[in-house]
Amino acid sequence: MGEDERVRAHEVDTARAPIPLIVDVDTGIDDALALLYLLASPEAEIAAVLCTAGNVPVHQVAANTLAWLEVCGRPDIEVAVGSAVPLVAPLMTTEDTHGPRGVGYAELPAPTRGPSARSAAEAWVELTRERPGELTGLVTGPLTNLALAVRLDPGVLTRL
């Protein structure tokens with residue numbers, strides 16, 4: 001491959017459309033960093049961020065997620081709250097690792113908006129129905145919301 005061909009191949013590769021994502025998180029330190037990287041990446045289009053209990057309780061996860069999206073200037077991204085507990089075991093949070101609110105000792109502003117009216121499981125189902133074959137699911141926390149979505153509509157997985 002000649003130099004001109006390599007340059008054209010690189011231009012085509014970097015000019016790709018962003019990958020549309022459903023991101024399902026339990027926003028602690030690790031998920032916050034992943035979310036920040038995705039928000040900064042031209043290769044990612046976040047269709048929605050779905051929250052589940054994990055590192056901290058689900059309502060703290062939602063508050064963290066909403067706050068990070070606002071800090072990054074992306075209040076347009078839907079945030080849906082999902083499961084408050086795992087399906088098969090008791091909830092075990094990790095404030096000892098992730099800090100009292102799940103984001104170390106960062107002081108985030110209180111979010112100025114709340115989460116969407118639909119549940120995270122409903123969002124998985126409805127978003128994949130609206131955009132079949134277009135969305136990629138990225139789950140960085142427990143798989144509880146996706147499992148509940150599969151219970152609602154087993155076809156959700158084939159639409160991702």
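Modeller: Two strands pair if DSSP finds at least two bridges between them. Strands (E, at least two residues) and helices (H or I, at least four) are DSSP runs, numbered from the N terminus. This is a predicted model: local features need pLDDT of at least 70, side-chain atom pairs count only at pLDDT 80 or more, and totals for chains, interfaces and linings use all residues. Residues are numbered from 1 along each chain as its sequence is written, and side-chain values use heavy atoms, leaving out hydrogens and water.

Biologist: What makes strand 1 and strand 2 a pair?

Modeller: Seven bridges link them, in the parallel sense. The rule asks for at least two, so they pair. Among the partners, I19 bridges to A44 in strand 2.

Biologist: Why are strand 3 and strand 4 said to stand at the edges?

Modeller: The open sheet has four strands in the order 3-2-1-4, with parallel pairing. Strand 3 (78–81) and strand 4 (136–139) each have a single partner strand, so one side of each lacks a neighbour in the sheet.

Biologist: Why is T65 called buried?

Modeller: Buried means under 20% relative accessible area, exposed over 50%, partly exposed in between (1.4 Å probe, protein chains only). T65 has 0%, so it counts as buried. T65 lies in helix 3 (residues 58–71). Beyond four places in sequence, its contacts (heavy atoms within 4.5 Å) include V25, L35 and C51.

Biologist: Why do C51 and C72 get the labels they do?

Modeller: C51 is at 0%, so it is buried. C72 is at 34%, so it is partly exposed.

Biologist: How many disulfides are there?

Modeller: A disulfide is a pair of cysteine sulfur atoms within 2.5 Å. By this rule the count is zero.
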